[in-house]
Amino acid sequence: MLSADFLIATAIGYVGLLFVIAYFGDRRARSNTRSFLHSPAVYTLSISVYCTSWTFYGAVGNAARSGLEFVTIYLGPTLVFVGWWFLLRRLVRISHHQRNTSVADLLSSRFGKSNRLAVLVTSIAVVGIAPYIALQLKAVTSSIQAVAGSSEFGQGSLAGIDDVGLAFGIAAGMALFTILFGTRHVDAKEQHHGVVAAIAFEAVVKLAALLAVGIFVVYVGGGFEAIFSRAAAMGVAVDAANTFDSRWLTTLALSVAAIVCLPRQFQVTVVENSDENHLRVASWAFPAYMLLMSLFILPIAMFGLVTMPDGANPDMFALTLPMAFGQDGLALFAFIGGFSSATSMIILESIALSIMVSNHIVMPMILRFSPAGNGDGQGVTRLLLNARRFSIVLILSLGFFYFFFTRDSDALAPIGLISFTAIAQFFPAVLAALFWREASLKAATSAIAGGFLFWVWCSFLPSFQSVSPQVANLLANGPWGIAWLRPEAMFGLDGMDPLVHAAFWSLTVNVLTLALVSLVTRQSALERIQASVFVDVFKRGPLVRGNFVLGSATANDLYFVAERVLGERRAAALFDVAARESGVDPDQLDPTPEFIGRLERELAGSIGAASAHVMLSKVVSGSDISLEEMMQMADETQQVIEYSQQLEQTSAELRSTARQLEEANGRLRELDARKDDFLSQVSHEVRTPMTSIRSFSEILLDDSDITDGQRRHFVGTIHQESLRLTKLLDEILDLSALERGERAWENLPTNAEAALDRALLVCEAALRQSGVQLETGSRAGAITVAADADRLCQVFINLLINAIRYNDAPAPVLRVQSSILAGSYAVEIADNGPGVPTEERKLIFEKFSRGKRSPADTRGAGLGLAISRQLVERMNGTLELVEGPLCGACFRVQLPLRA
Amino acid sequence: MPMWSVRSDNYWAAAVDRPRLIGAMLVLTLLGAMLMLPPLVHVFNQNITHFGVPQIVFYLFAVWLALIIGTALLNRALPGDAPDAGKRDH
């Protein structure tokens, strides 16, 4: 027969054992970093602190009351761990880089290292966890009472002590134990290997105990089938019809948030994690642990409902069933298991919370109110430890008071869900911290505060309904009779499950505030930096950890920063100038405020004022941003600058290519137009002689009575026209052959003067016929050039005929002279005709351009000048229109002298 | 070759590349969430018992077990991170 005294003695003995395990665990972990305490198995078991007496006792009660709902509390975390790659891995990586010690620290560090946010999160956590602690106290109290209440003998020395007294005793004992356990020393990394070892041991004990009870129940009940069938026969069935409603979704979502944000879970999963790869094991092993824990919950609940008397507390079935069957040993084991699950939660939760309270509330106050430089490190450590001890007492007191005020409520699980809802308020901010760059401090603070207020109103306050008539009245009628503010029917949303209602409103307000305020507020420079550190944690290379910069800046630190940002030469120059001005050696430069200001301006020129200020203020005042992190910032800025320079260069290249393309396109269009022009000109030129040939030949065919003289005249005209046509086609062929360079061309030594003389001789008849007077100017004498003699003569004839043909002056004069001009042979053929109008000067060398003055002129096809220019160019010379000695046009042919 | 044999991780690592495995993890997580939420959960929420145990109980525990085994297999196949791997300095 068990007695309460024996139970309490066993519990104390068990705690002693834990203490021994923690002590040796600590020593072992210190002496050997590769011990099994650093193994994934211990890590996984320590995460199993998630399974508290809520699981051990409460889940059975929950299953007895609402069927399958209890599994959501374990399915949610299963999903988080199955998807560890996306959330937990990131969380662990960031927290290792940022050295976060708690969820409050994480949020504060992401949102611009804001202490105000850390204080808010810590306060909410302390208040929000109180129901959870109360749950553990209630479970342990109930378990002791379940044993003690079973018989007169069982009460022992507990006779006359009510549940409040018992709970107080347990709370006090727990506080003492946790203080002895968790606050023996301050660890910079906030890792507690000893505690983790004890927690892992407790995880094994509670799993073994629950499995033992489960197997016993299945054995006694005759197997799963018998238990379920018997329950069904007695009208106790798993109610699956109404299980999968909004409450199912809500508890699942809350458990997802809780496994990430609960202070103790953050502590074991993230802070105590010594190797990211441990997550790989935990990602399946922890869900497996929870599966094993849940395996026998339903059978125990079913069997308890069937066999235990009416009015028995279903929460205690795991303990009372073995007792009912006289298995005192198993009952004792079950008690130890339940005690294990409660103690591990209380120990770890209060350690995690005490770290938050001391780091974020007590420490900043000490720093603010104690003069700097006063007191040694030893004093601060002692102060910190005392702050933690005080926090532990405070946290357990809050838990006890919550238990005291709500002791009439009987079920365990609903109490835990109140805490889950409170802690879930951090989840949106945590997600935003990890994934959303734009989330701002103001948004996170107001979102968490808003969600918390709704939680207090809709979830926390209603839990006092049974002890306070005022609260009951408030719930029924709303404050001051305002019905739409009733805590369980906000804004008239009536008839919902209170948990769903509270979770819906608080989280909706939370998420909306977070999103909307982020969109309308601006981040500070530090927030932006931290946001990119968090969001891009996997994009940056491994971070080299350096020493933290503490105290005032040295010239070395400043130089280190300046060199990275400005480059070695500029930084050295800056420091040399400063050293020379203050008249010391550069090595012994003492940075003055003026110098730091100047440096900041220099840095701002490179990386922007905000970054420069943050960097320097961190170096100068000394803070928890390490020099390495600042270097990383500088490197990133440098990379961005280089990248944008590359972009600029590329876009300049693109611009120039586009311009070239446009020009080429323009040229193509012009050429196309000229081709069309050419074709129409050719058709026109061909058409005129063809027309006359056709009409004359028609006359000859049709008219029989034309005279012989007429016939001869007509045939002569046809012959003439066909000659002209042939000449035209010859010219076109000639020109196109020249242009395409098809014809073989050989420049031979030629006497240029002789060619000119020959041309003059050919034109003599034309000269005489048109009455043009030829003036011959100075002649160059015998000159040899590299040319084709016949072609050169052709060019001269062309020019001479043009000058004769288009000269309409009353006393036409043609002047020809040749000379040596700037090392080349030049022939000028000038006339006193109308000249070439300015607007046509560019066009006269084009094909078919005859000048506008003589539209009716049909004697030439207008190809002469074009062919001449082609020919001269083939002889490496030039043909151009120059200012001549006479009033008309003057063409100059220039050919290089043959060397 | 059975997937759970000792050589399976090498086989998988060779056959499946890293982005695919990470994609598979995401699918597993989302699929797990879908399978345990309405409306899909109602598919197996029939009023039938197997061995006296309601079908839905079997179903939920089976999904749970499948998620555990799936995660374990994927983790074995997934090549390890860089040596850094965010190791906390001791």
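**Entry 1: chain B**

I read chain B along its sequence and found the pattern α-α-α-β-β-α. That is four helices and two strands, where helices (H or I, at least four residues) and strands (E, at least two) are DSSP runs numbered from the N terminus. The model is predicted: local features need pLDDT of at least 70, side-chain atom pairs count only at pLDDT 80 or more, and totals for chains, interfaces and linings use all residues. Residues are numbered from 1 along each chain as its sequence is written, while chains are lettered from A and ligands numbered from 1 in the order in which they are written.

I then looked up burial in chain B. A residue is buried if 20 or more other C-beta atoms lie within 10 Å of its own, exposed if 12 or fewer, and partly exposed in between, with C-beta atoms placed from the backbone. Of the 90 residues in chain B, 21% are buried. For contacts, I used C-beta atoms, placed from the backbone, within 7 Å. Among contacts in chain B between residues at least 6 apart in sequence, 64% join residues at least 24 apart.

**Entry 2: a sheet in chain A**

I traced an open sheet of five strands in chain A, in the order E2-E4-E5-E7-E6, with mixed pairing. Two strands pair if DSSP finds at least two bridges between them. Strands E2 (773-776) and E6 (878-881) of chain A are at the edges with a single partner strand each, so one side of each has no neighbour in the sheet. Neighbouring strands are turned by 15 degrees against each other on average, direction ignored.

Two helices of chain A pack on this sheet. For the angles, axes are lines fitted to C-alpha atoms, for helices over the stretch in contact, and the angles run from 0 to 180 degrees between N-to-C directions. H31 (residues 752-770) touches E2, E4, E5 and E7 (890-896) of chain A, and its direction makes about 175 degrees with that of E4(A). H32 (residues 789-805) touches E4, E5 and E7 of chain A, at about 20 degrees to the direction of E5(A).

I checked two pairings. E2(A) and E4(A) are parallel over four bridges, and Glu775(A) stands opposite Arg815(A) in E4(A). E4 (residues 813-821) and E5 (residues 824-831) of chain A run antiparallel, joined by eight bridges. Ser818(A) stands opposite Val827(A) in E5(A). The hairpin of E4(A) and E5(A) has two residues between the strands, and Ala822(A) takes a positive phi near 50 degrees there.

A nonpolar core here is a set of buried Ala, Val, Leu, Ile, Met, Phe, Trp, Tyr and Cys residues joined through C-beta atoms within 7 Å. The largest has 212 residues, and Leu107(A) and Val121(A) are among those that touch the most other members. Helix H7 (residues 115-148) of chain A supplies the largest share, 20 residues. Not counting residues up to four places away in sequence, Leu107(A) touches residues including Phe426(A) and Ala444(A).

Last, I looked at H12(A), where 13 of the 16 residues are buried.
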